[in-house]
Amino acid sequence: YERAVYIFTCSPEQIEPMRRIGFWHVEHLPFAADLRLFRPLELSEADRARHGARVCFMGTPLIDNPIDGYDYLQKKMRTQMATAQPGDAEACRRILLLLDELVETHRGDFSNCRIAELMQALETKHKVMLLEEGMTPIKDTWAILLGVHLSMVQRLDVVRALAPLGIAVYGPEDWRKAPIEGMQYRGQVAHGEELAKVINAAEINVNVSKIMFPSGVGPRLFETLACGGFLLSNTNPAILSTFVEGRDFVAYYGLADLKDK
């Protein structure tokens, strides 16, 4: 018999590229929330003492992520520079400058994914090709991998900006690799009822969507709103087409706006 491979993705922009390379059964499957678990809760004093927070963020910091394209290319370019001829070493140096400028230019924009656009503009500025000429499928993939690093930078920037408020952070132990003064790291939280308690106990739940998935709406938005929690989130086209800003959630546009709100 012929085996069929079915792929479901929360990011619709991935559908056509996957179909072009031969995966016929690729469908959009958005996130949601199980209303049996995520709902307004009457919390006990013990739950409030354990999870109460003025501001709360839940998620991974994406530190040391194995698909961080920035870290991979940084290491690769530095290794090549050590043994390269002067001309090739200069090309490596320019790629390093390109990568740094891409991250610094984009880090303050939480709403629009401009990674591919910036890659092409910076190639012209630094007179160097990143991997190959033009926006090929391979470079589209690298734009996503560079987005992993950019998302890490943005998440750390958000937590650092809100640290003076004593932000409570839940997530993997990788948060311990980013000591931020004022951050209250509270460890992992089990998905389901425990996560619903954390959402219910926070006065403000902060969301930082991954910049490399502009058409994806992460599960934390659905879960927070299902709990009746106050949500302060960045935006992207998918979020704005799924929820109503000012009714379902409050949006922030950059770090200064985030701190003010």
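**Salt bridges and their setting**

Tutor: Counting each side-chain nitrogen of Lys or Arg within 4 Å of a carboxyl oxygen of Asp or Glu, the total comes to 19 salt bridges. The model is a predicted one. Side chains of opposite charge can pair when their charged atoms come close.

Start with a pair inside one helix. Glutamate 16 and arginine 19 form a salt bridge in which the closest N and O atoms are 3.3 Å apart. The two residues are three apart in helix H1 (residues 15-20), and therefore about one helical turn separates them. Glutamate 16 is partly exposed, its relative accessible area being 44%. Arginine 19 also counts as partly exposed, at 28% relative accessibility.

The next pair joins two helices. Glutamate 101 forms a salt bridge with lysine 125, and their closest N and O atoms are 2.6 Å apart. This pair links distant parts of the chain, with glutamate 101 in helix H4 and lysine 125 in helix H5 (residues 115-126), 24 residues apart. At 22% relative accessibility glutamate 101 is partly exposed, whereas lysine 125, at 54%, is exposed.

The side chains of glutamate 123 and lysine 139 meet in a salt bridge at 2.4 Å, N to O.

The loop between H5 and H6 holds lysine 127. Most residues other than glycine have a negative phi. Lysine 127, although not a glycine, has a positive phi of about 55°. At 70% relative accessibility, lysine 127 counts as exposed. A second case is leucine 62, with a positive phi near 65° in a residue other than glycine. Leucine 62 sits in the loop between strand E3 (53-58) and H3.

At 1.5 Å a residue, the 15 residues of H3 (residues 69-83) should span 21 Å, and the end C-alpha atoms are 22 Å apart, which agrees. The N-terminal end of H3 is capped by aspartate 68, with a side-chain oxygen 3.0 Å from the backbone nitrogen of tyrosine 70. The buried residues of H3 are Gly69, Tyr70, Leu73, Gln74 and Met77. Seen down the axis of H3, these buried residues fall within an arc of 130°, so they line one face of the helix. What covers them includes helix H4 (86-106) and helix H6 (137-162). On the face of H3 turned away from its buried side are the exposed residues Lys75, Thr79, Ala82 and Thr83.

Strand E3 leads on to the sheet. Strands of a sheet pair through backbone hydrogen bonds, either parallel or antiparallel. In this model an open sheet of six strands runs in the order E5-E4-E3-E6-E7-E8, with parallel pairing. Its edge strands are E5 (184-185) and E8 (250-251), each of which pairs on one side only. Strand E4 (residues 168-170) pairs with E5 in the parallel sense over two bridges. Valine 169 stands opposite tyrosine 185 in E5.

Last, the chain as a whole. The chain has 10 helices and eight strands. Its C-alpha atoms fill a box of roughly 65 × 55 × 35 Å along the principal axes. Of its 261 residues, 46% count as buried. Among contacts in the chain with a separation of 6 or more, 62% are between residues 24 or more positions apart.

Notes. Residues numbered from 1 in each chain as written. Predicted model: local features only at pLDDT ≥ 70, side-chain atom pairs only at ≥ 80, totals over all residues. Heavy atoms only, no water. Helix = DSSP H or I, 4+ residues; strand = E, 2+ residues; numbered from the N terminus. Expected span 1.5 Å × (residues − 1). Buried < 20%, exposed > 50% of the residue type's maximum accessible area, 1.4 Å probe, protein only. Arc of directions from axis to C-beta. Contact = heavy atoms within 4.5 Å. Polar contact = N/O pair within 3.5 Å; in protein donor to acceptor, adjacent residues only side chain to side chain. Pairing = 2+ DSSP bridges.
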